[in-house]
Amino acid sequence: MAQRHKEARFNPKLRSDMTPEEIAEMFDDFADDYDEEVRAKGLRAHEIVGDFLAKIYPESERSSVKVLDVGAGTGFVGIKLKALGFTYVDALDPAQKMLDVAQNRNVYRRLICAFMDKNRVEEIETDFYDCITATAAFNEGLVPCNAFPQMIRIVKPGGRIVFTVPQKNIDNAIEYRGRLLPLIDKMAAEGVWEVTAIPLADGQLAHSLGPGFLYSLKVNVSEKYFEI
């Protein structure tokens with residue numbers, strides 16, 4: 001792997017001029033030691049999102065809730081959700097080698113190698129999922145703001161988009177600075193979704209990510225296309 005790509009693993013600022021293909025390649029080359037890195041950094045977003053879903057979906061309903069895990073990586077969210085009784089979980093990630101690791105864990109029904117961005121993922125029907133999760137995907141070079149129309153399309157009305165994002169990404173990432181929160185607020189004002197924002201203290205997402213938020217966007221419409 002090019003040294004530039006290796007450095008961009010841990011310094012998202014270096015991803016701003018990387019192509020999607022280079023981003024996927026970077027994570028492919030990260031696949032074998034990704035789990036070790038998650039544990040070393042104390043990343044806990046998958047635990048936070050899983051626990052939130054367990055609060056909003058009664059145990060008796062969880063096996064029928066259709067979840068799409070965006071930026072699934074090697075499957076940490078899938079492991080957590082399966083342990084909580086969510087058995088209909090699909091994975092989407094742009095790095096095939098990450099998905100290969102996840103497949104061996106037998107926690108996903110379907111694995112889709114694609115980015116979540118403005119482009120339609122043809123494998124996914126409109127209004128198919130009850131919930132989308134994204135735990136480490138709101139980061140430089142991964143899920144852009146213009147992905148929201150596609151996420152709205154594939155979530156049923158009444159379904160949710162649940163994701164975590166560090167405050168430093170909201171403030172500093174080129175893709176999100178001055179864009180992400182105004183967009184969330186604008187779509188809420190237009191009735192597209194209802195917003196729940198849960199503050200996360202320093203240390204809750206990881207050892208060194210700082211404070212952040214868990215967002216739950218309860219979607220009220222079938223489709224909503226807008227320019228970002």
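**Notes on the aromatic contacts and cores**

1. Let me start at Phe76: leaving aside residues up to four places away in sequence, Phe76 touches Tyr34, Asp35, Val38, Arg39, His46 and Tyr108. Keep in mind throughout that this is a predicted model. Phe76 belongs to helix H5, which covers residues 76-83. Its relative accessible area is 14%, under the 20% cut-off, so Phe76 counts as buried. Arg105 lies over the face of the Phe76 ring, at 5.7 Å from the ring centre.

2. Now the overall picture. The protein chain has nine helices and seven strands. Along the principal axes, the C-alpha atoms fill a box of roughly 45 × 40 × 35 Å.

3. On burial and surface: 51% of the 228 residues count as buried. The accessible surface comes to about 10400 Å², and carbon and sulfur atoms account for 47% of that. As for contacts between residues at least 6 apart in sequence, 68% join residues at least 24 apart.

4. The largest nonpolar core has 39 residues, and the members that touch the most others are Phe138, Phe148, Ile161 and Phe163. Which elements each supply at least two residues of this core? On the strand side they are S1 (66-70), S2 (88-93), S4 (129-134), S5 (155-166) and S7 (212-219), and on the helix side H7 (148-154) and H9 (180-189). Apart from this core lies another one, of 25 residues, with Val49, Ala54, Val107 and Leu214 among them.

5. Ile161 deserves a look of its own. Not counting residues up to four places away in sequence, Ile161 touches Ile132, Phe148, Met151, Ile152, Val155, Trp193, Tyr215, Ser216, Leu217 and Val219.

6. Phe163 lies in strand S5, and with a relative accessible area of 0% it is buried. Its contacts, again without residues up to four places away in sequence, are Ala134, Phe138, Phe148, Ile184, Phe213, Leu214, Tyr215 and Leu217. One of these, Leu214, is a member of the 25-residue core. The C-alpha atoms of Phe163 and Asp69 are 9.9 Å apart, although 94 residues separate the two along the chain.

7. On to the rings. How many aromatic pairs does a search of the whole structure find? The count is twelve. One of them, Phe30 with Tyr34, is edge-to-face, at 5.3 Å centre to centre and 85° between the planes. Phe30 and Tyr34 are both buried. Tyr34 also turns up among the contacts of Phe76.

8. Compare that with Phe148 and Phe163. Their ring centres are 6.3 Å apart and their planes meet at 55°, so this pair is tilted. Phe148 sits in helix H7 and Phe163 in strand S5, 15 residues apart, and the pair links distant parts of the chain. Both residues are buried. They also belong to a cluster linked by ring pairs, made up of Phe138, Phe148, Phe163, Tyr176, Trp193, Phe213 and Tyr215.

9. The charged end of Arg110 sits over the ring of Phe128, 6.0 Å from the ring centre.

10. Most residues other than glycine have a negative phi. Asn106, however, has a positive phi, near 55°. Asn106 is in the loop between helix H6 (96-103) and strand S3 (111-113). Is Asn106 buried or exposed? Its relative accessibility is 57%, so Asn106 counts as exposed.

11. The other spot is Asp127, with a positive phi of about 55° although it is not a glycine. Asp127 is in the loop between S3 and S4. Its relative accessible area is 27%, which makes Asp127 partly exposed.

Definitions and conventions
Residues are numbered from 1 along each chain as its sequence is written. This is a predicted model: local features need pLDDT of at least 70, side-chain atom pairs count only at pLDDT 80 or more; totals for chains, interfaces and linings use all residues. Side-chain values use heavy atoms; hydrogens and water are left out. A nonpolar core is a set of buried Ala, Val, Leu, Ile, Met, Phe, Trp, Tyr and Cys residues joined through side-chain atoms within 4.5 Å. Buried means under 20% relative accessible area, exposed over 50%, partly exposed in between (1.4 Å probe, protein chains only). Helices (H or I, at least four residues) and strands (E, at least two) are DSSP runs, numbered from the N terminus. Contact means heavy atoms within 4.5 Å. Rings of Phe, Tyr and Trp (its six-membered ring) pair if their centres lie within 6.5 Å; planes under 30 degrees apart count as stacked, over 60 as edge-to-face and the rest as tilted. A charge sits over a ring if NZ of Lys or CZ of Arg is within 6 Å of the ring centre and within 35 degrees of the ring normal. Accessible areas come from the Shrake-Rupley method with a 1.4 Å probe; for residues, only the protein chains shown count as cover.
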